[in-house]
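Morning, everyone. I have one structure to go through today, and I will keep to the places where its chains meet.

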Amino acid sequence: MLKFFEFPKSLKNTRFHYCPGCHHSIAHRLLCEVIDELGIQDKSLGIASIGCSCFLYFYIDVDIVEAPHGRACAAATGAKRARPDLVVFTYQGDGDFASIGFNESFHTALRGEKITAIMINNTVYGMTGGQASPTTVPGQKTTTTPEGKDPQYLGYPPKIAEILATLESVAFSARVALNTPKRIIDARKAIKNAFLAQINNLGFGYVEILSACPINWKMDPVSANKHIDKLTEIFPLGIFKDKVSESLKSKKGD
Amino acid sequence: MKLELIISGFGGQGVLFAGNLIAQASMIANYNVTYLPVYGPEMRGGTCNCTVIISKKSIASPIVARPSFLIIMNYPSFIKFVPKLKKAGSAIINSDFVKPENIEDFEKLEKKYKFYFIPVSSLAESLNTPLLANLCAIGAFYQITKVFNRKQFEKALKEILSKGKAHLFEPNLKAFELGAQYIKKNYKI
Amino acid sequence: MKTKKILVKGVEAIALGALEAECKCYFGYPITPQNDIPEFMARELPKRGGVFLQAESELAAINMLLGACATGTRAMTTSSSPGISLMCEGFSYIAALELPAVIVNVMRGGPGLGGIEASQGDYFQAVKGSGHGDFHFLVLAPYNAQEAYELTAKAFELAEKYRNPIMILSDAILGQMKEPLVLKKLKIKKYPKDDWALTGAKGRPSRFLRSLFLDAQELKEMNIKLMKKYKAMQKDIKFESDISEEDNIIVVAFGSIARIAKEAVNNLREKGYSVGYFRPITLFPFPEKPIKKIIEKAKKPLKFIVPELNCGQMIEDVRLAVEGRASVISLPYPPSVIPFPEEIEKEIKKCLNSLSSRKV
């Protein structure tokens, strides 16, 4: 019998703790599908971060170590430098990657560490109860911007995927979303390329995933899913850097 | 035997190099040694000094309040360290920068201590290597103390001059010899 | 083969010790007065197939160390006081994850930016836990180049033995001073890591290292496990002691000032005074039992004098060990004032005089 769809091998058969309508679970699944497709389950090392996804190790069936808040990319650097044969990835939120850990994230990209970083951008601190993060959009109400985020006071959200794309040693940088089937397929491709960036020794691979957080957005799952479309006006979807496809093409050409 | 040496001069007179070299040669001569440079702001331009302790027994403190031997490369160092010299201590003094006639109560000091005046700066200049006044002073130190022998000194010098500086070996050795000869000629040891 | 004797700075001795223990990765950020270590490692580690990486901050360096150690690789970082403060977050995580990391602090003057002179102002930070939660380093305090070499190498073994971060606590004097070092071949034991290291789940189930325990019972068990480990470290207590039963003054000092204190004690003994000398080499665990034994064996009432290059920190551990059975006197020397042996001698004599006057 031909199977088109099966449970990913590297996804543990555990019930997710995520809230209804949260996109973490889809992202987890895509990550596992890519790990399976690339056949890297037994040589992967994941770096869990602090945020809703801190329990990564309960779901993803690979070796995982937990890093302090924001320091996942630094820990990934150490692991990869110590063991270049491993496939090392981080899985972080926007607060972790772009706020407290921005320096570590940026410099890891700057050095072109052969790691893959996945950043879940849901524009809030989810785990701590919906406080404003750097990627909180103008006007967005959070528990620490009760009147809505005033950009005159707090600035505008950073476009991390575009910023990282400007760095010479970043091999892949993309922003994807998970609110439609097509976008999910695109996201899977992007995650795969972000892994191929490290596997082919091309440089730092980065995927930013716009992700719904219905609870902290005070929305039902369906509205939250729709709201992602609005976010794409501020955080455009797309591939901003892709040395991977170039490299694969030239390899095929040879 | 225990010798507590302080070398002091302007930054740039090779004070730290000299301390390091004496320590290295003394180690080769099978002594226990410590070499403690004073570092920090004093390193640039100001008075620069280091402490070298050479001893048959193991050395506890690397610093001394009262040294038994001094190498004085300039006048401020004379003022700073000679009053701290141990009873009957010795000092090699750069006579190009420190003149007995400029020193208060020189006769008194001379009775208390053994001074060796040697124009290390002009000796080094006479060899066209003005930067090697420190080596002339080490030559004098060798001639006076004989803590290490010539062979041991040469070995130390070779070890300290890294690969890129091997061509400096001969000039350094010449300055060393000139310093040693000056003491031999002018002082009874 | 004849063992080589070389004249090296204390910081170079530390680096050589790490190489002797086959340290494979070094991560660090520049700060005076320990820069000779990263500079040495930048030259030497790549030659031996190792990794040298200058991090963007101490914060990054300590987490790079965390990542490298999680893979079971021998790795280290070095810094000086303000840089160590930045690493404190990482220390807590490394201890919680039970990673065998080696951290060197070449102490300088503080607080704040302080200065670059020698200091022992980070004793509390090193010994009492420099981060949140109940955790400890095993702290080793060398006092000369030979010990710096041997203890640093040993630190890698102890780190693996206890799966715990080890701190080498040195200072600017020990770091910048040159001394002969005998490059002995050392026997540094390697402990198996295949039951915990994250090396990719090949031929075994995947595993993870975490410090988050939202289940209160699990967190308690974790803490008790660590507590037991810290108790077990008592077996590796190290100290140097030169005490006779006749002594009524015991000078207790560690690191660079222990050398100056030792000189003072030796001088006094030559003059016929009964003065003893005790030097803790492991600062955590603190050699409490040996101090208690000294008190038990003493024929006269004892006074402990604790000179430190700070305002009085280790004295608290001496007091805890003494348990009120002897008086303990602090000789504080805050940064920049490094006492000559004669000054310590004078202070010891003062105490001796007060002892004899009490008898009258």
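First, some housekeeping. This is a predicted model, where local features need pLDDT of at least 70 and side-chain atom pairs count only at pLDDT 80 or more, while totals for chains, interfaces and linings use all residues. Residues are numbered from 1 along each chain as its sequence is written, and chains are lettered from A and ligands numbered from 1 in the order in which they are written.

Between chain B and chain C, the contact takes 17 residues from chain B and 18 residues from chain C; two residues are in contact if their C-beta atoms, placed from the backbone, lie within 7 Å. On the chain B side, helix 1 (15-28) and strand 2 (32-37) each supply at least two residues. Helices (H or I, at least four residues) and strands (E, at least two) are DSSP runs, numbered from the N terminus. Strand 2 of chain B gives the most, with five residues.

Now chain C against chain A. Here 35 residues come from chain C and 29 residues from chain A. Among the elements of chain C that give two or more residues to this side are helix 4 (81-96) and strand 9 (208-209). The largest share, nine residues, is from helix 3 of chain C.

Strand 9 of chain C also runs parallel to strand 2 (residues 63-66) of chain A, joined by two bridges; strands pair if DSSP finds at least two bridges between them. In this pairing, A:Val65 stands opposite C:Leu209.
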